[in-house]
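Welcome, and thanks for taking a look at this one with me. Below are some notes to read beside the structure, point by point.

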Amino acid sequence: MNHKMQAAFSRQRIVVVRLLRSPLAQETVWSFVLKASYAGLTFISTVFLARVLGAEGYGIYAYAYALVMLLAMPVTAGLPNLVIRETAKGLASGRPEVVKGVWQWAGRVVTGLSLAVILIAGPLLVLWQGGLDTPAGQTMAWALALVPLMALGNLRGAALRGLKRIVAGQLPEFVLRPGMFLVLIAVNVLVVGQRISAPIAMALQAMAALLALVGAAWLLWRYTPQEVKHVSPSVDTHGWLFSSVIFALMSGFNVVNNQASTVVLGIFETPGSVGRYRVATQVAALTSFGLQAINMVVAPRFAELWARGEKERLQRLVTQSARVVLVFNILLTAMFVLVGRPFFRFVFGAEFDASYFPLLVLLGGQMVNSAAGSVAFLLNMTGHERETVLWIGLAAVLNLLLNFVLVPLWGILGAAVATAVSMAAWNGLLWWRVLRRLGINSLAFHF
């Protein structure tokens, strides 16, 4: 008996060692590190801006940023996902001309759409915020510069991930941009001695996005295969346009779900309330970066295992990844529940004490998000992305309706309830569709 137990233990140890040394494990660790760095840098920037700008100033900044993220939806148009897919497929099939073609085509589309948004919607938004003579109008003007800078940077990150440069593909977005933003703020406050206002903060954000774009372009030039550099591009406009529309709808609905509460709050409440709610959402987002980090790594494995018909291995991978994410979420949630109120007072200041109860509600939605597992990626990587678009779109409509009903009644708490309910709804619906379509239970624990 002891001999059998020792043999079993030895086999398990070999499996664990192989798993830890595998590219999957290494990429997962690096994704966690990059996501943790992004969450940490964003959190520090939020604390710094909240203290320097105050609730009203930070509310102006957060509202302009949320509006610009909504404007960026038609600009990116789901193109990063298309670039990832076509780059990987083009290299695998020995067609470097397709890789170069999709890079150039996507870049032209993003540039044209960015100029259209800035020239058409830009002046209207600036005037709506009071014109260039007001801090809100100046902040909005600087925020518009983020539209092309972030969109072009995301395309280059997507191209790097398509080249299987997972770490390099995430570095500009998750480390360079938030890191340079924090450095620029610190230099202006501590070295130059300049007083930070909402317009200056947004200008520094635009400068950080420009530096990240330059870094992403250099990384892509460095890792681009020679056969891609020296080949004539091949373009499939109609096929790429159709695919990008599907991905665009998905990305757009996700942005609506993430930013709708902030925008509706800006309509009914004061900038101070927007700032307090924004702080709560930033803190709650810390519990979800584990899921985002794992999704970067497991998504291509989902497609591979499904294509091979290895359903049992796919179920094991789905379950294991969901459990890791859920445990990580539970630990962070418990910490914020126990020390959340003194945490807000100590880190952000007494005027952000009202962010605590909305945070608790948002943490409940994030818990459901983690427990459901990688439902959207499972559908997308197995050819069922239309279902993902349908159910996330319905959740976005529900989110907007709940916000317009609950925000006038409960303020920032109503915004938190609307976000958490819609998040739980679309995760539950996608879990059901994964179970019906794929026969895979994406939950961390099966009952």
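1. Let us start with one residue. D353 comes out at 19% relative accessibility, so D353 counts as buried, the cut-off being under 20%. Please keep in mind throughout that this is a predicted model.

2. What does D353 meet? The side chain of D353 forms a salt bridge with that of R341, at 3.0 Å from N to O. R341 sits in helix 13 (residues 311-347), whereas D353 belongs to the loop between helix 13 and helix 14 (356-372), so this pair ties together parts that are 12 residues apart in sequence. R341 has a relative accessible area of 25%, which means that R341 is partly exposed. R345 joins in as well: R341, R345 and D353 make up a network of salt bridges.

3. How many salt bridges are there by this rule? The count is 6. Another of them pairs E387 with R433, whose side chains come to 2.8 Å, N to O. Here E387 is in helix 16 (residues 385-410) and R433 in helix 17 (residues 412-438), so the bridge ties together parts that are 46 residues apart in sequence. Are these two residues buried or exposed? Both E387 and R433 are buried.

4. R95 has 39% relative accessibility, so R95 counts as partly exposed.

5. Now for the nonpolar side chains. In soluble globular proteins, nonpolar side chains tend to be buried together. The largest nonpolar core in this model holds 89 residues, and the members that touch the most others are Y61, W103, V283 and F348. Which helix gives this core its largest share? That is helix 2 (residues 23-76), with 19 residues. Apart from this core lies another one, of 23 residues, including L305, V375, V434 and I440.

6. Not counting residues up to four places away in sequence, V283 touches F43, F336, F343, F344, F348 and L359. V283 is also one of the buried residues of helix 11.

7. Helix 11 spans residues 271-285, which makes 15 residues. From first C-alpha to last, helix 11 reaches 21 Å, close to the 21 Å expected at 1.5 Å a residue. How many of its residues are buried? In helix 11 the number is 12 of 15, so to speak a mostly covered helix. Among the buried ones are G272, Y277, R278 and Q282.

8. Next, the space inside. The count comes to 1 cavity of 30 Å³ or more, and about 130 Å³ of space lies in the largest cavity. There are 14 residues lining the largest cavity, and those closest to its centre are M150, G153, N154, P172 and E173. Helix 6 (146-162), helix 7 (166-192) and helix 8 (198-223) are the elements that each give two or more residues to this lining. Which of the helices gives the most? Helix 6 does, with 7 residues.

9. Helix 6 also contains R161. R161 has a relative accessible area of 15%, which means that R161 is buried. Leaving aside neighbours within four places in sequence, R161 is in contact with I84, I166, G169, Q170 and M296.

10. S114 is found in helix 4 (residues 96-128). With a relative accessible area of 2%, S114 is buried. Leaving aside neighbours within four places in sequence, S114 is in contact with V75, V147 and P148.

11. Finally, go back to helix 16, where P408 lies. Is P408 buried or partly exposed? At 43% relative accessibility, P408 counts as partly exposed. P408 touches F268 and N403, not counting residues up to four places away in sequence. P408 and I267 are 141 residues apart in sequence, and the distance between them in space is 9.6 Å, C-alpha to C-alpha.

Terms used: Residues numbered from 1 in each chain as written. Predicted model: local features only at pLDDT ≥ 70, side-chain atom pairs only at ≥ 80, totals over all residues. Heavy atoms only, no water. Helix = DSSP H or I, 4+ residues; strand = E, 2+ residues; numbered from the N terminus. Expected span 1.5 Å × (residues − 1). Buried < 20%, exposed > 50% of the residue type's maximum accessible area, 1.4 Å probe, protein only. Core = buried A, V, L, I, M, F, W, Y, C linked by side-chain atoms within 4.5 Å. Contact = heavy atoms within 4.5 Å. Salt bridge = Lys/Arg side-chain N within 4 Å of Asp/Glu carboxyl O. 1 Å grid on protein atoms, 1.4 Å probe; cavity = no way out; pocket = protein on both sides within 12 Å on 5 of 7 lines; lining within 4 Å. Points joined across faces, edges and corners; volume = space filled by probe spheres on them.
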